[in-house]
Amino acid sequence: MPDGADLPAAARDYARVAAAIRYIEATLPEQPDLAAIAGAAGLSPQHFQRLFSRWVGLSPTRFLHFLTLDFARDRLASAESVLGTALDAGLSGPGRLHDLFVTHEAMTPGEFKTQGAGLEIRYGFHPGPFGQALLLQTSRGICGLAFADDGEEDAALSDMAGRWPRATLIEDRAATAPAMGTIHAALTGLRGGPVRLLLKGTNFQIRVWEALMRLPEGAVVSYEDLAARLGRPDAVRAVAGAVGRNPISLVIPCHRVIRKGGYVSGYHWGPTRKRAMLAREAARVHGTAPATVPAQPSERPSTSNML
């Protein structure tokens, strides 16, 4: 499935949305109105309203509700039962990446030890609804999916290639486009084919990633609850490390893990992108939100770009 003619426009939409989110975060105590937020995005209020409706399917006012700390806290209140049900059933339920069927396999201990020696990885950069994405793929499945804003392509490629230091990387956008198109189709509610993943990690990291893939869309969970559900309540830092080392964004939804108090900060590919992902998912699943933005305390920025 090709990327689709609308994806460059979707990437531009995300850039506008990201600018709006950054403005909201900076001015939240003042509760900015639609005109002010639209101005920060470089658009008229009318254009901004249309963009949001096209990007998420809801009005800007309702969408902004899902950016608030109060909403995140409400979702965390039910996180234990949501995650527990998903893990106990061994399924994610009807929302994970819009029912995208994902299969995965882990590298063998021997393959892990050789750090990808003899493995051929093809990669390509593709536009998408959350900005430009870098996809890496082997004959056994996708092994990497990262984000790369303009000017950050080399850094993103270096980061992902460093996870497979002895593999051979070949730029081949045509080879990676079908998998990228399948993922994008699922994100917009269309049915695509199955997606295969090849995971390189420790046994514990893979357990964490498997648990994340069982989280339903629109749900969030804390690091502490995730550790407890994995039977390792004493391993919160190890869980956080595994979340931060997730090599396949979106499909393994590490963006759904937030801090215990409901704070949405820190993400390997930027906290603004994480907020946009969570807000868009929540709006799609819980689209009957009230049309007001509740007051909330300001958030302290995270010093980590991994958790």
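Colleague: Let's start with Lys200: which ring does its charged end sit over, 4.9 Å from the centre?
Modeller: That ring belongs to Phe112. Bear in mind that this is a predicted model.

Colleague: Nice. While we're on rings, how many aromatic pairs does the structure hold?
Modeller: There are four aromatic pairs. One of them joins Tyr123 and Phe125, with an edge-to-face arrangement: the centres are 6.5 Å apart and the planes make an angle of 90 degrees.

Colleague: Is Tyr123 buried or exposed?
Modeller: Tyr123 counts as buried because its relative accessibility is 11%, and the cut-off for buried is under 20%. Phe125 is buried as well, at 16% relative accessible area.

Colleague: Which other pair is edge-to-face?
Modeller: Phe147 and Trp269 also pair edge-to-face, at 6.2 Å centre to centre with 75 degrees between the planes. This pair links distant parts of the chain, as the two residues are 122 apart. Phe147 is in strand E4 (residues 141–147), while Trp269 is in the loop between strand E8 (257–258) and helix H13 (271–285). Both Phe147 and Trp269 are buried.

Colleague: Which residues join up with Trp269 in a ring cluster?
Modeller: Phe147 and Tyr267 do; ring pairs link them and Trp269 into a cluster.

Colleague: Changing topic to the core. How many residues are in the largest nonpolar one?
Modeller: It has 83 residues, and Leu197 and Val208 have the most contacts inside it. Helix H10 (residues 203–213) gives the most to this core, with seven residues. There's also a second, separate core of six residues, including Ala72, Val220, Ile258 and Val264.

Colleague: What does Leu197 touch?
Modeller: Leaving out residues up to four places away in sequence, Leu197 touches several residues, among them Val102, His104, Arg140, Ile142, Met213, Ile248 and Ile252.

Colleague: Let's look at helix H9. What length does it reach, first C-alpha to last?
Modeller: H9 covers residues 173–187, 15 residues in total, and reaches 20 Å, close to the expected 21 Å.

Colleague: Where does H9 bend?
Modeller: At Ala179, by about 25 degrees.

Colleague: And is H9 mostly covered or mostly uncovered?
Modeller: H9 is mostly covered, with eleven of its 15 residues buried. Those buried include Thr176, Ala179, Met180, His184 and Leu187.

Colleague: One more residue: where does Glu120 lie?
Modeller: Glu120 lies in strand E2 (residues 120–126).

Colleague: What does Glu120 touch?
Modeller: Not counting residues up to four places away in sequence, Glu120 touches Gln137, Thr138, Thr168 and Ile170. Glu120 and Gln137 are 17 residues apart in sequence, with their C-alpha atoms 8.5 Å apart in space.

Colleague: Finally, the whole chain: how many helices and strands?
Modeller: The protein chain has 13 helices and eight strands. Of its 307 residues, 51% count as buried. Among contacts between residues at least 6 apart in sequence, 73% join residues at least 24 apart.

Technical notes
Residues are numbered from 1 along each chain as its sequence is written. This is a predicted model: local features need pLDDT of at least 70, side-chain atom pairs count only at pLDDT 80 or more; totals for chains, interfaces and linings use all residues. Side-chain values use heavy atoms; hydrogens and water are left out. Helices (H or I, at least four residues) and strands (E, at least two) are DSSP runs, numbered from the N terminus. The expected span of a helix is 1.5 Å times one less than its number of residues. The bend at a residue is the angle between axes fitted to the seven residues ending there and the seven starting there. Buried means under 20% relative accessible area, exposed over 50%, partly exposed in between (1.4 Å probe, protein chains only). A nonpolar core is a set of buried Ala, Val, Leu, Ile, Met, Phe, Trp, Tyr and Cys residues joined through side-chain atoms within 4.5 Å. Contact means heavy atoms within 4.5 Å. Rings of Phe, Tyr and Trp (its six-membered ring) pair if their centres lie within 6.5 Å; planes under 30 degrees apart count as stacked, over 60 as edge-to-face and the rest as tilted. A charge sits over a ring if NZ of Lys or CZ of Arg is within 6 Å of the ring centre and within 35 degrees of the ring normal.
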